[in-house]
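Let's take a walk through this structure together. Have the sequence and the 3D view open side by side as we go.

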Amino acid sequence: MSRVAIAELAAQPNQVSRGWIRIPGVDPAWEVPAVVVRGVEDGPTLAVTSGMHAAEYVPIEAVTRLTRWVDPARLRGTLLAVLLVNSPGFYERSIYVNPRDGRNLNRSFPGDAAGDPAERVADFLLRELIDGADAYVDAHCGDLIEALSPFTLWTKAGDPAVAARSRALSEAYGFEHSLGVDPDSVPGAAYASAALRGVPAIIAEIGQQGICDEPSVGRHLRGLQNVMAHLGMVDPLGPPAPAPKAMDRMVWMRTEVSATYHPTVAVGETVTEGQAVGELRDIFGEPLLALQAAASGVVVFLVTSLAVKAGDPLLGIGVMAEG
Ligand SMILES: [Zn+2]
């Protein structure tokens with residue numbers, strides 16, 4: 001039978017349990033708010049996380065609403081949700097990393113039960129939430145300084161049958177773009193680790209810049225509901241979502257210097273390789289570097305802060321698959 005509890009947080013059939021779960025071995029205590037909704041009927045288990053990045057508000061709100069929308073009396077199977085993985089960062093409004101060890105949780109998988117806090121959290125989530133689930137969705141959005149066009153990612157790594165099921169989750173979600181990521185391009189990501197352990201998984205992204213806007217929350221919620229319907233846990237809410245446009249790859253442009261950043265393109269815009277997309281300047285306003293698109297495609301990700309640090313991403317161009 002599929003997993004029906006997150007660590008010690010369990011529910012009986014037709015019951016909802018809410019509570020805080022302490023990550024083992026992290027001191028001072030790192031506790032995460034979690035919900036188990038167990039249906040009256042047996043069925044698949046969907047595991048969901050949000051708030052791995054603490055200032056990504058749209059998915060935190062959407063997953064919270066999902067746990068309140070699901071009616072255990074009409075549910076087949078079990079919904080397991082950790083609403084806010086990076087709980088120490090939430091009231092600090094931490095960008096990218098957690099305040100305990102300065103690490104990005106979504107670069108810390110598969111983790112280590114004897115490692116630093118981020119690695120312990122990652123290890124805990126894999127063992128106590130994701131292993132034994134039938135599918136896993138890691139819900140994200142653009143961080144405080146990021147804009148993006150909605151997309152889902154799945155990994156081509158591991159068992160091809162698992163990859164095919166991950167891809168089907170990605171297509172069911174209903175976002176504009178979908179990308180099957182090459183095995184080694186996102187080291188440490190939760191969805192990739194889950195898939196390598198045999199659990200079909202995606203990361204889904206909509207929303208941006210610390211704005212908890214209703215349209216994005218509604219679409220993230222609908223994506224999660226679509227996945228539950230795809231798995232047969234709830235009845236479909238409507239006709240299937242239109243198929244996403246498949247991306248062949250994502251090309252990242254980064255800065256090698258700390259500078260001010262002046263992009264001249266917006267997310268969703270189509271660019272051609274070599275086209276001007278912005279400029280880097282020094283703090284006196286002197287131009288340092290004219291930026292040209294590194295590929296032809298759609299701007300799916302854009303940093304929107306004036307300040308960029310050496311090594312930071314500037315924008316991501318989704319190169320569309322043929323046909
Ligand atoms: Zn994120």
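**Starting from a tyrosine in the core**

Skip its neighbours within four places in sequence, and Tyr191 is in contact with Tyr136, Asp138, Leu153, Trp154, Thr155, Ala201, Ile202 and Ile203; contact here says that two C-beta atoms, placed from the backbone, lie within 7 Å. Bear in mind that this is a predicted model, where local features need pLDDT of at least 70 and side-chain atom pairs count only at pLDDT 80 or more, while totals for chains, interfaces and linings use all residues. Residues are numbered from 1 along each chain as its sequence is written.

Tyr191 and Leu46 touch the most other members of the largest nonpolar core, which has 97 residues. Such a core is a set of buried Ala, Val, Leu, Ile, Met, Phe, Trp, Tyr and Cys residues joined through C-beta atoms within 7 Å. Helix H3 (residues 117-130) gives this core its largest share, eight residues. At least three residues come from each of domain 1 (5-243) and domain 2 (246-320), with bounds from an automatic or database domain assignment.

Now zoom out. The protein has six helices and 19 strands, counted as DSSP runs numbered from the N terminus (helices are H or I, at least four residues; strands are E, at least two). Buried residues make up 48% of its 323 residues. To count as buried, a residue needs 20 or more other C-beta atoms within 10 Å of its own; 12 or fewer makes it exposed, anything in between partly exposed, with C-beta atoms placed from the backbone.

Next, find the open sheet with strand order E16-E15-E13-E18, where the pairing is antiparallel. Strands pair if DSSP finds at least two bridges between them. At the edges sit E16 (287-292) and E18 (307-308), each pairing on one side only. Two bridges join E13 (residues 259-263) to E18, and Thr260 stands opposite Ala307 in E18.

Most residues other than glycine have a negative phi, and most peptide bonds are trans. The bond from Asp27 to Pro28 is cis, with omega near 0°, and Pro28 lies in the loop between E3 (15-22) and E4 (31-38). Phe109 and Pro110 are also joined by a cis peptide bond, with omega about 5°. Tyr96 has a positive phi, near 65°, and is found in the loop between H2 and H3. Tyr96 counts as buried because 21 other C-beta atoms lie within 10 Å.
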